[in-house]
Amino acid sequence: MPLLTTYDGTVLSYRTLGEGEPLVCLAGGPMRDASYLGDLGGLAAHRTLVLLDPRGTGGSAAPADPGTYRCDRQVGDVEALRVHLGLERMDLLGHSAGGNLATLYAAAHPARVRSLVLVTSAGRAVGVGTTDEEWDEAVTVFADRPWYAEARAALDTIDEDTPLQRVLDITAPFAYGRWDAAAREHAAAATWQMNVEAATAYHGEGAYDPEETRRRLTAPVLVLAGEYDAGPTPAKAAEAAACFPHAELVVQPGASHFPWVDDPGAFLRPVAAFLDPDVRTVTVDGVRLAHRVSGPEDAPPVVLVHGRGEDGTTWTEIAADLAADHRVHALDLRGHGLSDRPGGYGFDAFRDELGGFLRALGLTGATVVAHSMGAGAALLLAQRDPGLIGRLVLEEPPGFQPLDPPRPPAERPAGPLAFDWAIVPETDAQLNDPDPRWRAELSAITAPTLVLAGGPASHVPQDRLAGLAGRVPGARLATIPAGHLVHTDRPAAFLAAIREFGLS
């Protein structure tokens, strides 16, 4: 493991994992070897994780002065790591107690922090704490779990003389959304990963000056809480988030104190979106939607809507061209990409979501360019709310005629997917037997409409696309022989067609 020497001569170790821009990660515990962070639910696929072992843990040496285990005295270790890595500014993630160290560093070196992610982090650094009584009350959320009665009885045996390691063993079941084999294995590692002596000094007297810290915080922060976490609860996390001038709060459903263990995907999506400077998020009807924005702020808006199983990155080449003279928003629909996976899928759900997205961002009158499933949603929105969309481009949309023969039940592929598989059976059912009104009301569309067909190589019957175009007042039909993925397989022809249609 790479080593560095910090301000007081102590030799510290760190590991790097993944690829991309560095993300410096500070472990909790307090004073736990950073290996328990793993790859943070797959975040290493998006960023290079720089995992620092706190002094006296893992591969880092113990300091000559045990007083330097105190949280505020480790701020210099983080600064030494930044200098060692040659970073002018850095993104910083802190978990649990490590969030206090990340916060103190952000206050002490505001010019060095580009963004801050606090994961289930106690807010002592900003004056937000959890009492033992509050923690005991919060864990009753697990009262229906089969292990609760035994764990609760053990919890009631804890007193001021109980060794810290015994406390950790007793409280472990409450730290996970599911107390299953994976959680038990993760919790068991704390036995050898934790420096118990250092942990007792971490929050020592004088470590925090909340008022001064709050005054000096400037970095944008993502505060991620677990729905079932007792320390901090979502309410406490919200209280801590309010101490930052630019804060986003995400509560991960079904998670507790180690959310990347409970549900890696649900953890990864909001964190990766927050850390990506090209991605923004907006909440529509309680669902967090990610979208990529490019182009001049005052340029005419264009919204790009992907097909099933894809996300906004499918438009990368198209968006780069359009951004020369348009403000481009490439949306990840629910269940796709970096957006939430709340369930409740279907063309009507995507329709409502797209409408909410346009309204939330003040994009009434925007041009909407949509592919396949996304084109179906855009088509339904244009007929239900004719004034919301300015111009409409439908690439290989569904015709909303019953499929003959109907699609058989699809079998889920093995392994992780980049989208929620539940989308497939729900949308297939609607394609097999669509609401008759969806086709009958095509005449209600008033937006100038271009239907782009992919020709005989497409799996979509081309006569149905012609029929659809014939039912939309004034719609134009253009064929680009490319199959179903016109915008990716023949981007130049796709761009020429939509620019000739009016995106100039």
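This note goes through the pockets, the backbone exceptions and the cysteines of a predicted model.

1. Largest pocket, size and centre. The largest pocket has a volume of about 1400 Å³. It is lined by 44 residues, and those closest to its centre are Gly29, Trp135, Val167, Leu168 and Thr171.

2. Largest pocket, elements and classes. Four helices each supply at least two residues of this lining: α3 (132-138), α5 (164-171), α6 (181-188) and α8 (196-202). Of the elements, α5 gives the most, with six residues. Sorted by class, the lining of the largest pocket has 22 nonpolar, 14 polar and eight charged residues.

3. Second largest pocket, size and centre. The second largest pocket holds about 460 Å³ of space. Its lining is made of 21 residues, and Val250, Val251, Pro253, Arg288 and Asp340 lie nearest its centre.

4. Second largest pocket, elements and classes. Here the strands β8 (247-252), β9 (279-284) and β10 (287-294) and the helix α12 (264-275) each supply at least two lining residues. The largest share comes from β8, which provides five residues. By class, the lining of the second largest pocket divides into nine nonpolar, five polar and seven charged residues.

5. Cis peptide bonds. Most peptide bonds are trans. The bond from Gly29 to Pro30 is cis, with omega near -5°, and Pro30 is found in the loop between β3 (22-26) and β4 (48-52). The bond from Gly231 to Pro232 is also cis, with omega near 5°; Pro232 is found in the loop between β7 (221-226) and α10 (234-241).

6. Positive phi at Met31. Most residues other than glycine have a negative phi. Met31 is not a glycine, yet its phi is positive, at about 65°. Like Pro30, Met31 lies in the loop between β3 and β4. Where does Met31 stand, buried or exposed? Its relative accessible area is 1%, so Met31 counts as buried.

7. Positive phi at Ser96. Ser96 is another residue other than glycine with a positive phi, near 55°. Ser96 sits in the loop between β5 (90-95) and α2 (97-108). With a relative accessibility of 11%, Ser96 is buried.

8. Cysteines. How many disulfides does the structure hold? The count is zero. A disulfide is a covalent bond between the sulfur atoms of two cysteines. For Cys71, the closest cysteine sulfur is that of Cys243, and the 16 Å between them is too far for a bond. The cut-off for a disulfide is 2.5 Å between the sulfur atoms. Seen from Cys243, the closest cysteine sulfur is that of Cys71, again at 16 Å and too far for a bond.

9. Burial of the cysteines. Cys71 has a relative accessibility of 0% and counts as buried. Cys243 has a relative accessible area of 19%. Buried means under 20%, so Cys243 is buried as well.

Methods. Residues are numbered from 1 along each chain as its sequence is written. This is a predicted model: local features need pLDDT of at least 70, side-chain atom pairs count only at pLDDT 80 or more; totals for chains, interfaces and linings use all residues. Side-chain values use heavy atoms; hydrogens and water are left out. Buried means under 20% relative accessible area, exposed over 50%, partly exposed in between (1.4 Å probe, protein chains only). On a 1 Å grid over the protein atoms alone, a cavity is a set of points where a 1.4 Å probe fits but cannot get out, and a pocket is an open set with protein on both sides within 12 Å along at least five of seven lines; lining residues have an atom within 4 Å of a point. Grid points are joined across faces, edges and corners, and a volume is the space filled by probe spheres set on the points. Ala, Val, Leu, Ile, Met, Phe, Trp, Tyr, Cys and Pro count as nonpolar, Asp, Glu, Lys and Arg as charged, and the others, Gly among them, as polar.
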